[in-house]
Amino acid sequence: MNKSMGYLAAAIALALAGTAAAATNDADVTRATLDNGLRVVIVRDSLAPVVTTEMNYLVGSDEVPDGFPGSAHALEHMMFRGSPGLSKDQLAAIAANMGGAFNADTTQAVTQYYFVAPSQDLDVALHTEALRMRGLDIADAEWAKERGAIEQEVSRDLSSPDFKFYSQLLAQLFAGTPYAHTPLGTRESFDRTTAAMLRQFHASWYAPNNAILVIAGDVDPLATLATVKAKFGDIPRKELPARPAFDFKPVQAKTVQLPTDSPYGSVYIGYRMPGMKDRDYAAALVLGEAMGSQRAALFGMGMDGSALYGGFSGEWMPQAGGAVAVGIFPRGGNPQPVLAKMQAILADAASKGIDPALVDAAKRKAIAGLEFKKNSVEGLANAWSEALAFQGLESPDAMKQAIEAVTPEAVNALARRTFDPAHAVTAILTPQSSGKPGSGKGFGGAESFASSPDKPVVLPDWAAQAFAKLELPRSTLQPVSYTLANGLRLIVQPETISDTVQVYGKIKTNGDLQAPKDEDGVDDVLGGLFAFGTTSMNRLQFQQALDEISAGETAGSSFSLEVPAAHFADGMKLLADNELHPALPARAFAVVQQQVAGMAAGEIQSPDFLAQIGLYKALLPAHDAQLRYATPQTVGSLSLDKVKRYYAQTFRPDMTTIVIVGKVDPAQARQVVEQSFGAWQAGGAKPDVDYAAVPPNKPGQLHVPDSSAVQDSVQMAQTIDVTRDDPARYALNLGNEVLGGGFYASRLYRDLRDKRGLVYNVNTSFALDKHRSTYSVSFGSDPDKVAAAGALVVRDLQQMQREPVSADDLRRAKGILLRQIPLGESSFAAIGHQLLTLATQDRPLDAMSIAGQHYLQLTAPEVQQAYAKHIRPDAFVTVVKGPAPKG
């Protein structure tokens, strides 16, 4: 359930919030503090008929009992196991019926529970959260079941060398404080944790006066506030326990050596930084942004060939933060030169300071980032939660003001204090071989289970009424489509929620089909060269031009741009210059060729690659184009002329689609695109870039050793005869929601996780292409549980073929898919990628609404027939990566 345990740079810890303001700063923001202390912020956002609710409890792993580091995390899990008046099965069915995201995240200072759902379901989401605040049903038997799942999550993270380093980094940076351990917990502590301990933790900390509720989306603020008062207002406040103290000692320098299963090695240098409530926090943000800039020296290591990649990132918690510089070296390479250069760069930053131009650009980028957060309903809720619960601020605008006030002198002073080698934690993660793959025996289907019919779940009246009617939701999209004279497809979706524009583009290419023989990897080398500027600007000049307009850009066969609306035309001009006139310099080619060859050398020996290529070899005919891959030899044989020839042959306007979303008029957008891309011309006939059809695969098993893993990663896959345009896909998709959709409410989650505790999560998916397709089931499991989990997957699929799904399951699956239509329109990114995918697959732009009509009409026998005809439960290829399965 951890939404983001991002190890080094992903998760931002939540912080204890300050007093909520009673006044409203903005017409779209409504604030209140209930008599019981619950702070409420409602932010209206009309992007789509979608709402996000985020309940931020101001308690996390900081407040856990000594010796039980995962108590907050364990309670987070048990919050999904039911409350008085709402059983776990009802909770699962409610969440599934909403069709959106329903999850939680445990950090050091806050545990956050969130819904992302259609606006019509706001009342249900709030009712559910109110019941969970009032109390939980934490029975010993339920905790025993959930403990098995949470221990699988621990095993998954402990299988990551990066997480192992992250754990050691925290221990070294924050020794003697609650930050010295991750919120995850340990298997040993969970074995000693009791249901009574978790009940006490909830009783102590889960109170309205210890929570901040953020609601963002297409809602009526005053009506929403009235609903919040009605559902939460009579929950009594509590006397909260004392919070832990933080006494940070000077960091002792340490170097860690770890093996890794990655195809490349990593060098990390970590430092303690100011926390989110520190007066230097804004300066820390700007310092991190400047150090990580593409114009800065760390990133430059990847551009001059001294490393495969270089960068800088930070993670901040309320009382302190951490930041790491990273350098990547090839498998078999020497990490010491990379380490030495990183140390020299950091020493220069401390002694000479940061380039003021980079500081200025970092400030502009950080401020622009706040505006871009408005482009997602969920992102807007996150921004407000971060400001209130994370940083103790009144609003995201308060952080904007703090960033604007940062000076180069403040950044340089912080760099001098931070980048001290006497207080640095260094880690070197070196790739190692885990052994050769071998055919598996004795796993997947070793056990049999009696199948009992699912009991229908009777929802409480307040939820049943909300889901009583299934109907096709109204799409808010009205895209305008053009085809330019050169064949380029342009799609524009105007949105006014922010003063920004986001652009998504794709050129249909396929290196497996278009690269000449023995030139595998030519597309990777070409992709790496776009970062080196254009024929008119070198890479630093190009990046500076982007920085001056606070824009972000990527180029290649997939490309993108995000830019303030006022600079849309300038941003498109830069994007087109990079796409159509890449510099492709000879010196850069030599660097990128060496980097891609080095990456390929490590990749083809990595467990992930061996598992994936082993799966492909079992599914596909010998010599199939999809079996091609780059090797050091094929990359080493390339020349710059070959790369340029591949670029000229594959980058064509008539194979290109551009989608523009944001504050822009369609006619204006067309004019700008014609000015930027209109002169681009294609020669010769369009290439075929779709893989050919393949025959059905035979069953098989493969074990790929991974010495760094304690948990097995399992993928069960098969080819199927349903392609992306086959009408049968609707019935298969509907059945897939019964099997794997809706979290706890799906059959596989209930059977593999809820009832047996065999896995932490299980995913099912169809990959439907123009001529070939696959169906796969994946999960993570302890080695002694792989067989049982795989057998249950097969059993549940056989049940889908033998009997129609129940009326309740069918209705819930339809509700999930129908409600996902507006959810797919709740951010610029979702809109852009949806329209881009539909256009590149030559499907109508209203294909989601067309699919919704099909889902409404499907019957249970039709789903059963589709699974009986197209799915072969006895024909899976099962690949297990990790320790050898047992039993």
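Reader: What covers the buried residues of helix α14?
Author: The cover includes α9 (281-291), α12 (356-372) and α13 (377-390). Covering here rests on contact, meaning heavy atoms within 4.5 Å. Helices are DSSP runs of H or I with at least four residues, strands are runs of E with at least two, and both are numbered from the N terminus.

Reader: And where do these numbers come from?
Author: This is a predicted model, where local features need pLDDT of at least 70 and side-chain atom pairs count only at pLDDT 80 or more, while totals for chains, interfaces and linings use all residues. Residues are numbered from 1 along each chain as its sequence is written, and side-chain values use heavy atoms, with hydrogens and water left out.

Reader: OK, which residues of α14 are buried?
Author: Pro396, Met399 and Ile403, in a helix that spans residues 396-404. They cover an arc of only 55° around the axis, so they sit on the same side of α14. That arc is taken from the directions from the helix axis to the C-beta atoms. Buried means under 20% relative accessible area, exposed means over 50%, and partly exposed is in between (1.4 Å probe, protein chains only).

Reader: New topic. Is Gln90 buried or exposed?
Author: Gln90 counts as buried because its relative accessibility is 15%. Gln90 lies in helix α2, residues 88-98.

Reader: What does its side chain reach?
Author: The backbone oxygen of Val458, at 2.7 Å. A polar contact is a pair of N or O atoms within 3.5 Å; within protein, one must be able to donate a hydrogen and the other to accept it, and residues adjacent in sequence count only if both atoms are side-chain atoms.

Reader: What else does Gln90 touch?
Author: Leaving out residues up to four places away in sequence, Gln90 touches Gly85, Val457, Val458, Leu459 and Pro460.

Reader: Now strands. How do β15 and β16 pair?
Author: Antiparallel, over four bridges, with β15 at residues 480-483 and β16 at 489-494. Two strands pair if DSSP finds at least two bridges between them.

Reader: Which residue is the partner of Ser481?
Author: Ile491, in β16.

Reader: And what lies between the strands?
Author: Five residues, making a hairpin. Gly487 in the turn has a positive phi of about 95°.
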